[in-house]
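Please read the following account with the sequence and the model side by side.

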Amino acid sequence: MRPRRRSADGKRLAITKYSLNPDVYVTELNSMGTRLSTPQQLTLDERRDFPFSWTPDSKAVLFTSDRDGIYHIFKQPIDQTVPELLVGGAEQTVAPRLAPDNFTVIYVIWPRLGEASVRGRVMRVPLSGGPSQTVLEQDGLGNVQCARLPSTLCLFDVRGTTQLLFFRFDPATGKSVELPQAKIEDTPAYAYNWTLSPDGKTLATAKGKGLLAKEPNITLLSLENGSKHVLTAPAWAGIASIDFAADGRSLWASAYTNTGKWALLNIDLHGRVRTMLEDTKMAIGWGIPAPDGKHLALWKARGTSNVWMLERF
């Protein structure tokens, strides 16, 4: 953010820049599923690191980082301090997700800021490493996510100003079909967060930070019969992100208050809300569960703020 203020005589301009510097943290869930251990920092650099997935054995986190200058995809075991580059190159690669076969990583290439094109690409790469292949290309491409076997469902969204559309796609052939029952019509539609249940039967959506006129809520859409169910998170100003738990019986939600407190909530499918982590000094981002249901990767970030004074501009 860059708030600007001009001096009364119009000769000086003050510019404030505020930015977050997120790192990946890993925490453990107790056997009762009621408490998280103190998060341990996994990424030790001073770049922006965002977790998106785990390896099938729950021993390593897949994350996006700009430590190379632009965003690339890395894999890091939770018992080690140095990550392995999985996808590099000259393009911005983000949102690595494990495909249902457990051997393939699906990810997205978005156009760089300032580029005339709005076309993104869904890509695939072996989890063990190797060359990437294009799955499909799509204007307005947003996020991707896949269910777990026996479901083979993978989804991507297309974001516009007033519509958010969802498509199922085959990560091997790139063939895609719209899911009309999942369409969201709202302004701005691109500000919605979403997550797919591990069994591929439910799509959860939530309106993003700073866009709510009342208490935040999560809409659960059955992809089998089209029915909807709404969960609310009272006492919180907004929900920043949502992700299904490994067993699909609850959601991990990053939430915040108007007083600057952040939390990671666990919300079951009946709407019961449990606060699992709280922080007043650092923002808490999304929580990505490991397949074993015992670990969670999340990001936390401290904000930095600087002021510049411009003269003779």
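The paragraphs below take up a sheet, a hairpin, several salt bridges and the nonpolar cores in turn.

This is a predicted model, in which local features need pLDDT of at least 70 and side-chain atom pairs count only at pLDDT 80 or more, while totals for chains, interfaces and linings use all residues. Residues are numbered from 1 along each chain as its sequence is written, and side-chain values use heavy atoms, with hydrogens and water left out.

Start with the open sheet, whose four strands are arranged in the order 4-5-6-7 with antiparallel pairing. Strands here are DSSP runs of E with at least two residues, numbered from the N terminus, and two of them pair if DSSP finds at least two bridges between them. The edges are strand 4 and strand 7 (84-87); each has a single partner strand, so one side of each lacks a neighbour in the sheet. On average, neighbouring strands of this sheet are turned by 35° against each other, direction ignored; the axes are lines fitted to C-alpha atoms, and angles run from 0 to 180 degrees between N-to-C directions. Strand 4 and strand 5 run antiparallel and are joined by five bridges. Serine 53 has leucine 62 in strand 5 as its bridge partner.

Another antiparallel pair is made by strand 17 and strand 18 (residues 202-207), again over five bridges. Within it, leucine 196 stands opposite leucine 203 of strand 18. Five residues lie between the strands of this hairpin, and glycine 200 takes a positive phi near 75°. Strand 17 (residues 192-196) has four of its five residues buried, so the rest of the structure largely encloses it. Buried means under 20% relative accessible area, exposed over 50%, and partly exposed in between (1.4 Å probe, protein chains only).

Next come the charged pairs. Side chains of opposite charge can pair when their charged atoms come close. The structure holds 11 salt bridges, each defined as a side-chain nitrogen of Lys or Arg within 4 Å of a carboxyl oxygen of Asp or Glu. One of them joins aspartate 186 to lysine 207, with the closest N and O atoms 2.9 Å apart. This pair links distant parts of the chain, 21 residues apart: aspartate 186 is in the loop between strand 16 (184-185) and strand 17, and lysine 207 is in strand 18. Aspartate 186 is partly exposed because its relative accessible area is 24%, whereas lysine 207, at 18%, counts as buried. Salt bridges with shared partners also join Asp45, Asp49 and Arg67 into one network.

Aspartate 49 lies in strand 4 (residues 49-54), and arginine 67 in the loop between strand 5 (60-65) and strand 6 (72-77). At 0% relative accessibility aspartate 49 counts as buried, while arginine 67 is partly exposed at 23%.

Finally, the interior. A nonpolar core is a set of buried Ala, Val, Leu, Ile, Met, Phe, Trp, Tyr and Cys residues joined through side-chain atoms within 4.5 Å. The largest has 36 residues, and those touching the most other members are Leu36, Ile106, Val122, Phe156, Phe169, Trp252 and Leu264. Strand 26 (residues 295-311) gives the most to this core, with four residues. Apart from it lies another core of 16 residues, including Trp236 and Ile242.
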